[in-house]
Amino acid sequence: MAALTPELRDLQAEIQGYADEYGLDTFTTIFELVDYRQMCEIASYGGFPVRYPHWRFGMEYDHMLKSHTYGLSKIYELVINTDPCYAYLLEGNSWVDQKLVMSHVLGHCDFFKNNAFFGHTDRRMIDVMANNAARVRRYMDRHGVSPVESFIDTCLALDNLIDPWAPLREPTRASAPAPTSASAGKGKGAGEGELDEVEVGRLPSVRGYLESYINPPELLAAERARAKAAEEAQRRKIPRAPERDVLGFLIQHAPLELWEADVLGIIREEAYYFLPQMQTKIMNEGWASYWHSKLMTTRALRDDEVIDYADACAGVMATAPGRLNPYKIGIELFRDIEDRYNRGRFGKEYEECDSLAEKASWDRKLGLGRQKIFEVRRLYNDVTFLDEFFTEDFCREHNFFTFRENRRSGRLEIEGREFAKIKGKLLGQLTNFGQPFIYVIDANYLNRGELLLGHRHEGTDLRLDYARETLRALERIWRRPVSILTVVDERPKRLRFDGSEVSVSDESAAFRL
(Lines give C-alpha, C1' and ligand atoms only; values in the text may rest on other atoms or scores of the structure.)
Protein backbone atom coordinates (compact mmCIF):
# COMPACT_ATOMS: atom_id res chain seq x y z
CA MET A 1 0.00 0.00 0.00
CA ALA A 2 1.17 3.49 -0.83
CA ALA A 3 0.14 7.04 -0.03
CA LEU A 4 -1.61 9.09 -2.69
CA THR A 5 0.42 10.95 -5.23
CA PRO A 6 0.32 14.78 -5.05
CA GLU A 7 -2.06 14.83 -8.02
CA LEU A 8 -4.47 12.40 -6.34
CA ARG A 9 -4.29 14.35 -3.07
CA ASP A 10 -5.29 17.49 -4.95
CA LEU A 11 -8.09 15.56 -6.65
CA GLN A 12 -9.34 14.30 -3.27
CA ALA A 13 -9.45 17.86 -1.91
CA GLU A 14 -11.34 18.97 -5.01
CA ILE A 15 -13.96 16.18 -4.76
CA GLN A 16 -14.32 16.72 -1.01
CA GLY A 17 -15.03 20.40 -1.67
CA TYR A 18 -17.80 19.51 -4.11
CA ALA A 19 -19.30 17.06 -1.60
CA ASP A 20 -19.26 19.72 1.12
CA GLU A 21 -21.07 22.14 -1.19
CA TYR A 22 -23.93 19.66 -1.52
CA GLY A 23 -24.14 19.07 2.21
CA LEU A 24 -22.60 15.61 2.52
CA ASP A 25 -21.43 14.96 6.08
CA THR A 26 -18.57 12.45 6.10
CA PHE A 27 -15.94 11.16 8.46
CA THR A 28 -12.37 12.08 7.59
CA THR A 29 -11.54 9.87 4.62
CA ILE A 30 -8.10 8.35 4.13
CA PHE A 31 -7.35 6.97 0.66
CA GLU A 32 -4.56 4.48 0.03
CA LEU A 33 -3.25 3.34 -3.33
CA VAL A 34 -2.95 -0.42 -3.90
CA ASP A 35 -2.23 -2.77 -6.79
CA TYR A 36 -4.77 -5.42 -7.77
CA ARG A 37 -3.24 -8.23 -5.74
CA GLN A 38 -3.36 -6.05 -2.64
CA MET A 39 -6.93 -5.01 -3.47
CA CYS A 40 -7.97 -8.68 -3.73
CA GLU A 41 -6.25 -9.46 -0.44
CA ILE A 42 -8.02 -6.61 1.38
CA ALA A 43 -11.37 -7.49 -0.21
CA SER A 44 -11.01 -11.16 0.74
CA TYR A 45 -10.73 -10.08 4.38
CA GLY A 46 -13.90 -7.98 4.08
CA GLY A 47 -11.87 -4.76 4.05
CA PHE A 48 -9.92 -5.64 7.23
CA PRO A 49 -6.55 -7.26 6.45
CA VAL A 50 -5.89 -7.52 10.22
CA ARG A 51 -8.65 -10.13 10.76
CA TYR A 52 -8.08 -13.54 12.32
CA PRO A 53 -6.31 -16.20 10.20
CA HIS A 54 -8.58 -18.67 8.44
CA TRP A 55 -8.40 -20.69 5.24
CA ARG A 56 -11.57 -19.14 3.74
CA PHE A 57 -9.84 -15.78 3.30
CA GLY A 58 -7.23 -17.44 1.10
CA MET A 59 -9.99 -19.13 -0.89
CA GLU A 60 -11.73 -15.77 -1.40
CA TYR A 61 -8.44 -14.19 -2.49
CA ASP A 62 -7.77 -16.90 -5.04
CA HIS A 63 -11.30 -16.60 -6.42
CA MET A 64 -11.10 -12.79 -6.77
CA LEU A 65 -7.64 -12.84 -8.32
CA LYS A 66 -8.59 -15.44 -10.92
CA SER A 67 -11.83 -13.61 -11.68
CA HIS A 68 -9.83 -10.46 -12.42
CA THR A 69 -7.17 -12.34 -14.40
CA TYR A 70 -9.80 -13.90 -16.67
CA GLY A 71 -11.58 -10.55 -17.11
CA LEU A 72 -14.74 -11.59 -15.28
CA SER A 73 -14.76 -8.81 -12.68
CA LYS A 74 -12.88 -5.77 -11.45
CA ILE A 75 -12.79 -4.11 -8.04
CA TYR A 76 -12.54 -0.33 -8.52
CA GLU A 77 -12.55 0.65 -4.85
CA LEU A 78 -13.13 -0.54 -1.33
CA VAL A 79 -14.28 1.50 1.67
CA ILE A 80 -14.86 0.42 5.28
CA ASN A 81 -17.13 1.79 7.98
CA THR A 82 -14.69 3.28 10.50
CA ASP A 83 -13.79 6.72 11.84
CA PRO A 84 -11.76 7.82 9.97
CA CYS A 85 -13.03 5.99 6.88
CA TYR A 86 -10.34 4.03 5.05
CA ALA A 87 -10.75 3.64 1.30
CA TYR A 88 -8.52 1.85 -1.19
CA LEU A 89 -7.93 3.03 -4.76
CA LEU A 90 -6.70 0.75 -7.49
CA GLU A 91 -3.48 2.14 -8.91
CA GLY A 92 -4.39 0.97 -12.40
CA ASN A 93 -7.56 3.09 -12.56
CA SER A 94 -7.76 5.85 -15.14
CA TRP A 95 -8.03 9.48 -14.03
CA VAL A 96 -11.77 9.46 -14.71
CA ASP A 97 -12.15 6.25 -12.70
CA GLN A 98 -10.32 7.82 -9.75
CA LYS A 99 -12.68 10.80 -9.83
CA LEU A 100 -15.66 8.48 -10.00
CA VAL A 101 -14.37 6.28 -7.19
CA MET A 102 -13.63 9.19 -4.86
CA SER A 103 -17.09 10.63 -5.43
CA HIS A 104 -18.65 7.21 -4.82
CA VAL A 105 -16.63 6.65 -1.65
CA LEU A 106 -17.71 9.98 -0.16
CA GLY A 107 -21.34 8.93 -0.69
CA HIS A 108 -20.65 5.73 1.26
CA CYS A 109 -18.88 7.65 4.04
CA ASP A 110 -21.85 10.00 4.41
CA PHE A 111 -24.18 7.00 4.60
CA PHE A 112 -22.02 5.21 7.18
CA LYS A 113 -21.97 8.26 9.41
CA ASN A 114 -25.63 9.25 9.23
CA ASN A 115 -27.80 6.17 8.65
CA ALA A 116 -29.52 5.06 11.87
CA PHE A 117 -28.75 1.37 11.30
CA PHE A 118 -24.99 2.07 11.40
CA GLY A 119 -25.28 4.07 14.62
CA HIS A 120 -24.47 1.10 16.90
CA THR A 121 -21.38 -0.08 14.97
CA ASP A 122 -17.93 0.25 16.50
CA ARG A 123 -16.08 2.92 14.50
CA ARG A 124 -12.73 1.57 15.72
CA MET A 125 -13.37 -1.90 14.34
CA ILE A 126 -9.88 -2.12 12.84
CA ASP A 127 -8.39 -2.16 16.34
CA VAL A 128 -11.05 -4.58 17.58
CA MET A 129 -10.39 -7.02 14.74
CA ALA A 130 -6.63 -6.79 15.27
CA ASN A 131 -7.13 -7.68 18.95
CA ASN A 132 -9.46 -10.53 17.97
CA ALA A 133 -6.87 -11.86 15.53
CA ALA A 134 -4.17 -11.79 18.21
CA ARG A 135 -6.37 -13.87 20.54
CA VAL A 136 -7.18 -16.40 17.80
CA ARG A 137 -3.47 -16.81 16.98
CA ARG A 138 -2.78 -17.36 20.66
CA TYR A 139 -5.43 -20.10 20.76
CA MET A 140 -3.88 -21.69 17.68
CA ASP A 141 -0.49 -21.74 19.38
CA ARG A 142 -1.99 -23.41 22.48
CA HIS A 143 -4.51 -25.83 20.97
CA GLY A 144 -3.27 -26.30 17.41
CA VAL A 145 -4.30 -24.73 14.10
CA SER A 146 -6.66 -27.52 12.98
CA PRO A 147 -8.90 -27.62 16.11
CA VAL A 148 -9.28 -23.84 16.15
CA GLU A 149 -9.93 -23.57 12.41
CA SER A 150 -12.41 -26.43 12.61
CA PHE A 151 -14.29 -24.68 15.41
CA ILE A 152 -14.28 -21.40 13.43
CA ASP A 153 -15.80 -23.34 10.50
CA THR A 154 -18.59 -24.47 12.83
CA CYS A 155 -19.19 -20.93 14.10
CA LEU A 156 -19.24 -19.48 10.58
CA ALA A 157 -21.94 -22.00 9.61
CA LEU A 158 -24.13 -20.32 12.26
CA ASP A 159 -23.09 -16.66 11.97
CA ASN A 160 -26.47 -15.62 10.52
CA LEU A 161 -28.37 -16.87 13.61
CA ILE A 162 -28.44 -13.49 15.31
CA ASP A 163 -31.19 -11.00 16.13
CA PRO A 164 -31.08 -8.15 13.57
CA TRP A 165 -33.05 -5.85 15.86
CA ALA A 166 -31.08 -6.43 19.07
CA PRO A 167 -28.72 -3.46 18.49
CA LEU A 168 -31.69 -1.09 18.18
CA ARG A 169 -33.29 -2.14 21.46
CA GLU A 170 -32.40 -0.84 24.90
CA PRO A 171 -28.92 -2.15 25.84
CA THR A 172 -30.28 -3.91 28.93
CA ARG A 173 -32.77 -5.83 26.79
CA ALA A 174 -30.33 -6.59 24.00
CA SER A 175 -27.68 -8.05 26.30
CA ALA A 176 -29.70 -9.38 29.23
CA PRO A 177 -27.83 -12.23 30.99
CA ALA A 178 -29.36 -15.64 31.47
CA PRO A 179 -31.36 -15.97 34.69
CA THR A 180 -29.34 -17.31 37.59
CA SER A 181 -30.48 -19.88 40.09
CA ALA A 182 -30.73 -17.21 42.79
CA SER A 183 -32.91 -14.91 40.73
CA ALA A 184 -35.07 -17.86 39.67
CA GLY A 185 -35.68 -18.81 43.30
CA LYS A 186 -36.63 -15.25 44.16
CA GLY A 187 -39.08 -15.12 41.27
CA LYS A 188 -40.62 -18.39 42.40
CA GLY A 189 -41.53 -17.03 45.81
CA ALA A 190 -43.17 -13.96 44.29
CA GLY A 191 -45.18 -16.07 41.90
CA GLU A 192 -46.43 -18.41 44.61
CA GLY A 193 -47.66 -15.46 46.66
CA GLU A 194 -49.61 -14.12 43.72
CA LEU A 195 -51.27 -17.47 43.11
CA ASP A 196 -52.25 -17.80 46.77
CA GLU A 197 -53.89 -14.38 46.72
CA VAL A 198 -55.90 -14.99 43.56
CA GLU A 199 -58.46 -17.77 43.45
CA VAL A 200 -57.69 -19.70 40.29
CA GLY A 201 -60.70 -20.91 38.28
CA ARG A 202 -63.37 -19.47 40.60
CA LEU A 203 -66.75 -18.83 38.94
CA PRO A 204 -69.00 -15.95 40.05
CA SER A 205 -71.77 -16.95 42.46
CA VAL A 206 -74.64 -14.63 43.42
CA ARG A 207 -76.21 -17.04 45.93
CA GLY A 208 -74.02 -18.03 48.83
CA TYR A 209 -75.69 -21.38 49.43
CA LEU A 210 -74.68 -22.49 45.89
CA GLU A 211 -70.99 -21.66 46.37
CA SER A 212 -69.89 -25.18 47.21
CA TYR A 213 -71.70 -26.53 44.15
CA ILE A 214 -70.47 -23.88 41.68
CA ASN A 215 -66.90 -23.77 43.02
CA PRO A 216 -66.11 -27.13 44.64
CA PRO A 217 -63.07 -26.71 46.94
CA GLU A 218 -61.35 -29.83 45.62
CA LEU A 219 -61.68 -28.57 42.00
CA LEU A 220 -60.25 -25.16 42.92
CA ALA A 221 -57.36 -26.84 44.73
CA ALA A 222 -56.59 -29.01 41.69
CA GLU A 223 -56.68 -26.03 39.34
CA ARG A 224 -54.48 -24.02 41.71
CA ALA A 225 -51.96 -26.88 41.75
CA ARG A 226 -51.99 -27.08 37.95
CA ALA A 227 -51.46 -23.32 37.63
CA LYS A 228 -48.55 -23.45 40.08
CA ALA A 229 -46.99 -26.36 38.20
CA ALA A 230 -47.36 -24.56 34.85
CA GLU A 231 -45.81 -21.38 36.23
CA GLU A 232 -42.99 -23.29 37.85
CA ALA A 233 -42.28 -25.09 34.57
CA GLN A 234 -42.28 -21.77 32.70
CA ARG A 235 -39.97 -20.25 35.30
CA ARG A 236 -37.50 -23.10 34.99
CA LYS A 237 -37.61 -22.99 31.21
CA ILE A 238 -34.60 -21.44 29.49
CA PRO A 239 -35.18 -19.23 27.66
CA ARG A 240 -38.47 -18.03 29.15
CA ALA A 241 -39.52 -16.64 25.76
CA PRO A 242 -38.30 -17.65 22.29
CA GLU A 243 -34.84 -16.16 21.75
CA ARG A 244 -33.76 -15.09 18.28
CA ASP A 245 -30.09 -14.41 19.06
CA VAL A 246 -29.04 -18.05 18.85
CA LEU A 247 -25.31 -17.26 18.96
CA GLY A 248 -25.72 -15.13 22.07
CA PHE A 249 -27.72 -17.91 23.73
CA LEU A 250 -25.04 -20.50 22.91
CA ILE A 251 -22.31 -18.30 24.37
CA GLN A 252 -24.23 -18.04 27.65
CA HIS A 253 -25.52 -21.61 27.96
CA ALA A 254 -23.53 -24.06 25.80
CA PRO A 255 -20.88 -26.20 27.58
CA LEU A 256 -17.95 -24.53 25.81
CA GLU A 257 -14.35 -24.20 26.85
CA LEU A 258 -13.24 -20.64 27.51
CA TRP A 259 -11.38 -20.31 24.23
CA GLU A 260 -14.34 -21.71 22.29
CA ALA A 261 -16.74 -19.23 23.91
CA ASP A 262 -14.33 -16.42 23.07
CA VAL A 263 -14.03 -17.48 19.42
CA LEU A 264 -17.82 -17.77 19.12
CA GLY A 265 -18.09 -14.29 20.66
CA ILE A 266 -15.66 -12.95 18.04
CA ILE A 267 -17.73 -14.42 15.19
CA ARG A 268 -20.92 -12.97 16.72
CA GLU A 269 -19.35 -9.54 17.23
CA GLU A 270 -18.23 -9.38 13.60
CA ALA A 271 -21.63 -10.62 12.41
CA TYR A 272 -23.33 -7.72 14.20
CA TYR A 273 -20.77 -5.28 12.78
CA PHE A 274 -21.43 -6.34 9.17
CA LEU A 275 -25.20 -6.64 9.72
CA PRO A 276 -26.13 -3.03 8.72
CA GLN A 277 -24.33 -3.44 5.41
CA MET A 278 -26.64 -6.35 4.63
CA GLN A 279 -29.69 -4.41 5.85
CA THR A 280 -28.93 -1.38 3.64
CA LYS A 281 -27.18 -2.78 0.55
CA ILE A 282 -29.60 -1.20 -1.94
CA MET A 283 -29.79 2.12 -0.12
CA ASN A 284 -26.05 2.35 0.51
CA GLU A 285 -25.03 1.63 -3.07
CA GLY A 286 -27.90 3.73 -4.42
CA TRP A 287 -26.89 6.70 -2.26
CA ALA A 288 -23.22 6.44 -3.27
CA SER A 289 -24.20 6.08 -6.94
CA TYR A 290 -26.55 9.06 -6.72
CA TRP A 291 -23.78 11.27 -5.39
CA HIS A 292 -21.05 10.10 -7.73
CA SER A 293 -23.46 10.86 -10.56
CA LYS A 294 -24.33 14.28 -9.12
CA LEU A 295 -20.76 15.31 -8.33
CA MET A 296 -19.34 14.08 -11.62
CA THR A 297 -21.99 15.50 -13.96
CA THR A 298 -22.34 18.89 -12.26
CA ARG A 299 -18.82 19.60 -10.93
CA ALA A 300 -15.90 17.24 -11.48
CA LEU A 301 -16.28 15.98 -15.05
CA ARG A 302 -14.49 17.64 -17.98
CA ASP A 303 -15.94 17.57 -21.49
CA ASP A 304 -13.28 15.18 -22.79
CA GLU A 305 -14.02 12.69 -20.00
CA VAL A 306 -17.74 12.20 -20.64
CA ILE A 307 -17.43 9.09 -22.83
CA ASP A 308 -15.10 7.31 -20.42
CA TYR A 309 -17.37 8.20 -17.50
CA ALA A 310 -20.47 6.96 -19.33
CA ASP A 311 -18.71 3.71 -20.20
CA ALA A 312 -17.70 3.10 -16.56
CA CYS A 313 -21.21 3.90 -15.28
CA ALA A 314 -22.84 1.65 -17.86
CA GLY A 315 -20.83 -1.28 -16.53
CA VAL A 316 -21.86 -0.56 -12.94
CA MET A 317 -25.55 0.06 -13.67
CA ALA A 318 -26.07 -2.80 -16.12
CA THR A 319 -28.55 -5.39 -14.87
CA ALA A 320 -28.08 -9.03 -15.81
CA PRO A 321 -31.22 -11.03 -16.66
CA GLY A 322 -32.88 -12.48 -13.60
CA ARG A 323 -30.73 -10.52 -11.14
CA LEU A 324 -31.32 -7.43 -9.02
CA ASN A 325 -28.64 -4.74 -9.31
CA PRO A 326 -28.59 -2.76 -6.02
CA TYR A 327 -26.72 0.14 -7.67
CA LYS A 328 -29.38 0.56 -10.34
CA ILE A 329 -32.55 0.18 -8.30
CA GLY A 330 -31.06 2.27 -5.46
CA ILE A 331 -30.08 5.27 -7.58
CA GLU A 332 -33.35 5.20 -9.53
CA LEU A 333 -35.40 5.15 -6.32
CA PHE A 334 -33.49 8.11 -4.86
CA ARG A 335 -33.96 10.03 -8.12
CA ASP A 336 -37.66 9.18 -8.14
CA ILE A 337 -38.09 10.32 -4.52
CA GLU A 338 -36.32 13.59 -5.26
CA ASP A 339 -38.45 14.23 -8.33
CA ARG A 340 -41.72 13.36 -6.57
CA TYR A 341 -41.05 15.63 -3.61
CA ASN A 342 -39.82 18.45 -5.82
CA ARG A 343 -43.08 18.31 -7.78
CA GLY A 344 -45.37 17.49 -4.85
CA ARG A 345 -46.38 14.09 -6.21
CA PHE A 346 -47.30 12.67 -2.82
CA GLY A 347 -49.98 12.99 -0.17
CA LYS A 348 -53.74 12.58 -0.10
CA GLU A 349 -54.56 15.01 -2.91
CA TYR A 350 -52.20 13.33 -5.36
CA GLU A 351 -53.21 9.78 -4.38
CA GLU A 352 -56.93 10.55 -4.79
CA CYS A 353 -56.49 12.14 -8.23
CA ASP A 354 -58.17 9.91 -10.85
CA SER A 355 -56.83 11.62 -13.96
CA LEU A 356 -53.70 10.00 -15.39
CA ALA A 357 -53.01 13.07 -17.54
CA GLU A 358 -53.21 15.37 -14.52
CA LYS A 359 -50.95 13.09 -12.51
CA ALA A 360 -48.39 13.00 -15.32
CA SER A 361 -48.20 16.80 -15.44
CA TRP A 362 -48.51 17.27 -11.67
CA ASP A 363 -46.03 19.91 -10.42
CA ARG A 364 -46.58 21.96 -7.27
CA LYS A 365 -42.96 23.22 -7.40
CA LEU A 366 -42.37 22.40 -3.73
CA GLY A 367 -38.63 21.82 -4.08
CA LEU A 368 -38.53 19.37 -1.16
CA GLY A 369 -36.68 16.60 -2.98
CA ARG A 370 -33.17 17.15 -1.64
CA GLN A 371 -34.43 17.50 1.93
CA LYS A 372 -36.47 14.30 1.58
CA ILE A 373 -33.66 12.10 0.26
CA PHE A 374 -31.39 13.19 3.13
CA GLU A 375 -34.17 12.24 5.53
CA VAL A 376 -34.61 8.86 3.84
CA ARG A 377 -30.86 8.24 3.96
CA ARG A 378 -30.95 8.79 7.71
CA LEU A 379 -33.98 6.73 8.76
CA TYR A 380 -34.58 3.77 6.43
CA ASN A 381 -33.21 0.34 5.63
CA ASP A 382 -33.76 -1.64 2.43
CA VAL A 383 -37.04 -3.24 3.51
CA THR A 384 -38.69 -0.02 4.71
CA PHE A 385 -37.15 1.87 1.77
CA LEU A 386 -38.77 -0.36 -0.86
CA ASP A 387 -41.94 -0.84 1.14
CA GLU A 388 -42.62 2.91 1.17
CA PHE A 389 -41.06 4.23 -2.04
CA PHE A 390 -41.33 1.34 -4.52
CA THR A 391 -44.59 2.60 -5.99
CA GLU A 392 -46.76 1.27 -8.77
CA ASP A 393 -45.75 4.20 -10.99
CA PHE A 394 -42.06 3.43 -10.41
CA CYS A 395 -42.63 -0.27 -11.08
CA ARG A 396 -44.40 0.44 -14.35
CA GLU A 397 -41.88 3.06 -15.50
CA HIS A 398 -38.93 0.71 -15.01
CA ASN A 399 -40.60 -2.35 -16.54
CA PHE A 400 -40.38 -4.74 -13.58
CA PHE A 401 -41.87 -8.19 -13.95
CA THR A 402 -41.98 -11.59 -12.29
CA PHE A 403 -40.69 -14.69 -14.04
CA ARG A 404 -40.59 -18.43 -13.60
CA GLU A 405 -39.22 -21.50 -15.31
CA ASN A 406 -41.28 -23.15 -18.03
CA ARG A 407 -41.22 -26.84 -17.09
CA ARG A 408 -41.65 -27.94 -20.69
CA SER A 409 -38.90 -25.85 -22.28
CA GLY A 410 -36.69 -25.30 -19.22
CA ARG A 411 -36.51 -21.59 -20.05
CA LEU A 412 -37.26 -18.63 -17.83
CA GLU A 413 -40.37 -16.81 -18.99
CA ILE A 414 -42.18 -13.66 -17.88
CA GLU A 415 -44.95 -14.65 -15.49
CA GLY A 416 -46.65 -11.28 -15.14
CA ARG A 417 -46.39 -7.57 -14.35
CA GLU A 418 -48.79 -7.42 -11.43
CA PHE A 419 -47.47 -4.78 -9.03
CA ALA A 420 -48.49 -6.52 -5.80
CA LYS A 421 -46.68 -9.74 -6.75
CA ILE A 422 -43.54 -7.89 -7.89
CA LYS A 423 -43.31 -5.86 -4.71
CA GLY A 424 -44.11 -8.89 -2.57
CA LYS A 425 -41.29 -10.90 -4.13
CA LEU A 426 -38.83 -8.03 -3.73
CA LEU A 427 -39.69 -7.58 -0.07
CA GLY A 428 -39.60 -11.35 0.45
CA GLN A 429 -36.03 -11.46 -0.85
CA LEU A 430 -34.98 -8.64 1.46
CA THR A 431 -36.86 -9.55 4.64
CA ASN A 432 -34.33 -11.23 6.94
CA PHE A 433 -32.08 -11.34 3.83
CA GLY A 434 -34.20 -14.16 2.42
CA GLN A 435 -33.16 -16.43 5.31
CA PRO A 436 -35.44 -18.34 7.71
CA PHE A 437 -36.48 -17.00 11.11
CA ILE A 438 -34.97 -19.30 13.73
CA TYR A 439 -35.56 -19.09 17.50
CA VAL A 440 -34.34 -20.96 20.57
CA ILE A 441 -37.40 -22.45 22.30
CA ASP A 442 -36.06 -24.73 25.03
CA ALA A 443 -32.58 -25.58 26.30
CA ASN A 444 -33.83 -28.65 28.19
CA TYR A 445 -36.36 -30.18 25.83
CA LEU A 446 -38.19 -33.17 27.37
CA ASN A 447 -35.90 -32.75 30.39
CA ARG A 448 -33.06 -34.40 28.45
CA GLY A 449 -30.73 -31.45 27.95
CA GLU A 450 -31.65 -31.25 24.27
CA LEU A 451 -31.75 -27.92 22.46
CA LEU A 452 -35.05 -27.19 20.73
CA LEU A 453 -35.27 -24.55 18.01
CA GLY A 454 -38.30 -23.22 16.18
CA HIS A 455 -38.63 -22.13 12.57
CA ARG A 456 -41.21 -19.38 12.09
CA HIS A 457 -42.68 -20.56 8.82
CA GLU A 458 -43.36 -17.70 6.39
CA GLY A 459 -44.63 -19.81 3.49
CA THR A 460 -41.26 -21.22 2.40
CA ASP A 461 -39.95 -24.57 3.64
CA LEU A 462 -36.42 -24.97 4.91
CA ARG A 463 -33.87 -26.41 2.53
CA LEU A 464 -33.38 -29.77 4.19
CA ASP A 465 -29.73 -30.09 3.16
CA TYR A 466 -28.96 -26.72 4.77
CA ALA A 467 -31.04 -27.64 7.83
CA ARG A 468 -29.11 -30.89 8.34
CA GLU A 469 -25.73 -29.17 8.20
CA THR A 470 -26.95 -26.42 10.54
CA LEU A 471 -28.13 -29.01 13.06
CA ARG A 472 -24.73 -30.73 12.88
CA ALA A 473 -22.97 -27.43 13.58
CA LEU A 474 -25.30 -26.69 16.49
CA GLU A 475 -24.76 -30.16 17.96
CA ARG A 476 -21.00 -29.60 17.75
CA ILE A 477 -21.41 -26.57 20.03
CA TRP A 478 -24.29 -27.78 22.26
CA ARG A 479 -22.83 -31.29 22.61
CA ARG A 480 -26.27 -32.75 23.08
CA PRO A 481 -28.98 -33.62 20.54
CA VAL A 482 -30.52 -30.65 18.73
CA SER A 483 -34.02 -30.44 17.21
CA ILE A 484 -35.92 -27.87 15.18
CA LEU A 485 -39.67 -27.54 14.72
CA THR A 486 -40.61 -26.61 11.18
CA VAL A 487 -43.14 -27.22 8.42
CA VAL A 488 -42.40 -29.52 5.48
CA ASP A 489 -44.94 -29.79 2.69
CA GLU A 490 -47.53 -28.05 4.89
CA ARG A 491 -47.12 -30.60 7.70
CA PRO A 492 -45.51 -29.86 11.11
CA LYS A 493 -42.24 -31.76 11.47
CA ARG A 494 -39.36 -32.01 13.91
CA LEU A 495 -35.85 -32.48 12.57
CA ARG A 496 -33.44 -33.95 15.13
CA PHE A 497 -29.72 -34.63 15.07
CA ASP A 498 -28.36 -36.79 17.88
CA GLY A 499 -24.71 -36.79 16.86
CA SER A 500 -24.95 -39.69 14.42
CA GLU A 501 -27.95 -39.21 12.14
CA VAL A 502 -30.71 -36.75 11.28
CA SER A 503 -34.26 -37.99 11.89
CA VAL A 504 -37.59 -36.47 10.87
CA SER A 505 -40.76 -36.99 12.90
CA ASP A 506 -44.32 -35.69 12.78
CA GLU A 507 -45.49 -33.04 15.24
CA SER A 508 -48.98 -32.11 16.35
CA ALA A 509 -48.53 -28.38 15.75
CA ALA A 510 -46.08 -26.00 14.08
CA PHE A 511 -44.01 -23.44 15.97
CA ARG A 512 -45.77 -20.11 16.46
CA LEU A 513 -44.63 -16.98 18.20
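Thr5 is partly exposed, with a relative accessible area of 31% (buried is under 20%, exposed over 50% and partly exposed in between, with a 1.4 Å probe and protein chains only). Thr5 sits in the segment before α1 (6-21), and its C-alpha is 54 Å from that of Pro255, a residue 250 positions away in sequence. Helices (H or I, at least four residues) and strands (E, at least two) are DSSP runs numbered from the N terminus.

This is a predicted model, in which local features need pLDDT of at least 70 and side-chain atom pairs count only at pLDDT 80 or more, while totals for chains, interfaces and linings use all residues. Residues are numbered from 1 along each chain as its sequence is written, and side-chain values use heavy atoms, with hydrogens and water left out.

**Salt bridges**

- The whole structure contains 32 salt bridges (a side-chain nitrogen of Lys or Arg within 4 Å of a carboxyl oxygen of Asp or Glu).
- Asp110 and Arg377 form a salt bridge with an N to O distance of 2.9 Å. This pair links distant parts of the chain, with Asp110 in helix α4 (residues 95-114) and Arg377 in helix α18, 267 residues apart.
- Both partners are buried: Asp110 has a relative accessible area of 0%, and Arg377 has 6%.
- Glu260 and Arg476 form another salt bridge, their closest N and O atoms being 3.7 Å apart. Because Glu260 belongs to helix α12 (residues 258-279) and Arg476 to helix α22 (residues 464-478), the pair ties together parts 216 residues apart in sequence.
- Glu260 is buried at 3% relative accessibility, whereas Arg476 is partly exposed at 28%.
- Lys493 and Asp506 meet in a salt bridge at 2.4 Å, N to O. Lys493 is in strand β9 (residues 491-497) and Asp506 in strand β10 (residues 502-506), 13 residues apart.
- A network of salt bridges links Lys99, Arg302, Asp304 and Glu305.

**Aromatic pairs and cluster**

- There are 28 aromatic pairs in the whole structure (rings of Phe, Tyr and Trp, the last by its six-membered ring, with centres within 6.5 Å; planes under 30 degrees apart are stacked, over 60 edge-to-face and the rest tilted).
- Trp287 and Phe374 have ring centres 5.3 Å apart and planes at 85°, so this pair is edge-to-face. Trp287 lies in helix α13 (residues 281-300) and Phe374 in helix α18 (residues 369-379), so that the pair links distant parts of the chain, 87 residues apart.
- Trp287 is buried at 0% relative accessibility, and Phe374 is buried at 15%.
- Trp287 and Phe374 also belong to one aromatic cluster with Tyr22, Tyr290, Trp291, Phe334, Tyr380, Phe385 and Phe389.

**Charges over rings**

- Lys359 lies over the face of Tyr350, 4.9 Å from the ring centre (NZ of Lys or CZ of Arg within 6 Å of the ring centre and within 35 degrees of the ring normal).
- Arg364 lies over the face of Trp362, at 3.9 Å from the ring centre.

**Cysteines**

- The structure has zero disulfides (a disulfide is a pair of cysteine sulfur atoms within 2.5 Å).
- The sulfur of Cys85 has its closest cysteine sulfur in Cys109, at 3.4 Å, which is too far for a bond.
- Cys85 is buried at 0% relative accessibility, and Cys109 is buried with a relative accessible area of 0%.

**Nonpolar surface patch**

- Leu203, Leu210, Tyr213 and Ile214 make a nonpolar surface patch of about 390 Å². Patch residues have over 30% relative accessible area and no salt bridge, with like charges joined within 9 Å and nonpolar side chains (Val, Leu, Ile, Met, Phe, Trp, Tyr) within 5 Å; accessible areas come from the Shrake-Rupley method with a 1.4 Å probe, and for residues only the protein chains shown count as cover.
- Leu203 is in the loop between α8 (181-197) and α9 (211-214), and is partly exposed with a relative accessible area of 48%.

**A further separation**

- Tyr341 is part of helix α15 (residues 326-343) and is buried at 12% relative accessibility.
- Tyr341 and Pro436 are 95 residues apart in sequence and 36 Å apart in space, C-alpha to C-alpha.
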